[in-house]
Amino acid sequence: MECSKLSSVIYRSCLLLIVVTLAVPPLAIGETAAAPTQVMANRSWAIHRQPAQLVNGAPVVIEVVPPARLTTLSARWLEHEVLFSYDAATKAWYGIAGVSLETRPGVYTLELKGTTSRSAEITFSQRIKVQAAKYRSIAATVAKRFTEPSKEQLERIHQDKTVKQDVFQHTDPEREWSGKFRPPVDASVSDVFGTQRTFNGKVQSMHQGLDYAVPTGTPVSAANAGTVLLAGDLYFEGNCVVLDHGQGLLTLYLHLSELSVKQGERVVGGQQIGLSGGTGRATGPHLHLAVRWQGVYLNPATLLTLKLP
């Protein structure tokens, strides 16, 4: 009888041990052991990315549902700060980031840090794999002044560089974009992002945007809501418009024949900002759309596919 009672006690102890073991799942990839309260918080973070598979040159939208109500949320990704905004409709935080063309294939860490309504700090990290994208190479012919500029033209190029550097420093950290980004024109794509170009058999460059085959005078609309950072004429870009969508994200519209907006003006998505053309370094009339995030040029075609609140 005593042996039976002992066996029953041992059985119940083993059963209890099994239940406790199952209640504590193994750490996910990218999680590290920490204090018990921190581990519990980490298990509750929900993170979704678009696109799911990242390549060099890709923009990425990060959706975060934290384990507690937060007043602020930020992240570090590839040595950049990712800024988030809270969306009450989905009860999630959204941030836009990117992977530069120069980023090598590998696994990189996204580090999240939030402040709760009780002023406590909580953190979480996730390891993300970046793969190599395949980009093509082409040759193109342009006017000689774009590959062998004169002294006066070099001075203009230097002045434009200063203008762009100043403009890019005055971006809004707060979110201005709303909903999905849409193509600025209804037309076919004539050249894609990431193309290696050789101009006049000498000058090599990387195509850091998306070209649309449209004739001169085609209305060009804003891809999303934002503020006009620049509306003017530059040597290489021609007549161009730069829109600030917040959180470090810009869209650029180059080679326009006419401008329909002014610097400092706020625009809504779909609003006309100019007419297409062939000004600046262009092989013919077309619209060049570029996407820039914190100094990094990203693939506009990918951004246009992302589902945003």
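Guide: Two strands pair if DSSP finds at least two bridges between them. Helices (H or I, at least four residues) and strands (E, at least two) are DSSP runs, numbered from the N terminus. The model is predicted: local features need pLDDT of at least 70, side-chain atom pairs count only at pLDDT 80 or more, and totals for chains, interfaces and linings use all residues. Residues are numbered from 1 along each chain as its sequence is written, and side-chain values use heavy atoms, without hydrogens and water.

Visitor: What makes strand E4 and strand E7 a pair?

Guide: Six bridges join E4 (residues 70-77) to E7 (residues 106-116), against the required at least two. The two strands run antiparallel, and Leu 73 has Gly 114 in E7 as its bridge partner.

Visitor: Why is the pair of Trp 77 and Tyr 108 called edge-to-face?

Guide: Rings of Phe, Tyr and Trp (its six-membered ring) pair if their centres lie within 6.5 Å; planes under 30 degrees apart count as stacked, over 60 as edge-to-face and the rest as tilted. The centres of Trp 77 and Tyr 108 are 6.5 Å apart and the planes stand at 80°, so the pair is edge-to-face. Trp 77 lies in strand E4 and Tyr 108 in strand E7, 31 residues apart.

Visitor: How do you know whether Trp 77 is buried or exposed?

Guide: Buried means under 20% relative accessible area, exposed over 50%, partly exposed in between (1.4 Å probe, protein chains only). Trp 77 has 1% relative accessibility and therefore counts as buried, whereas Tyr 108, at 24%, counts as partly exposed.
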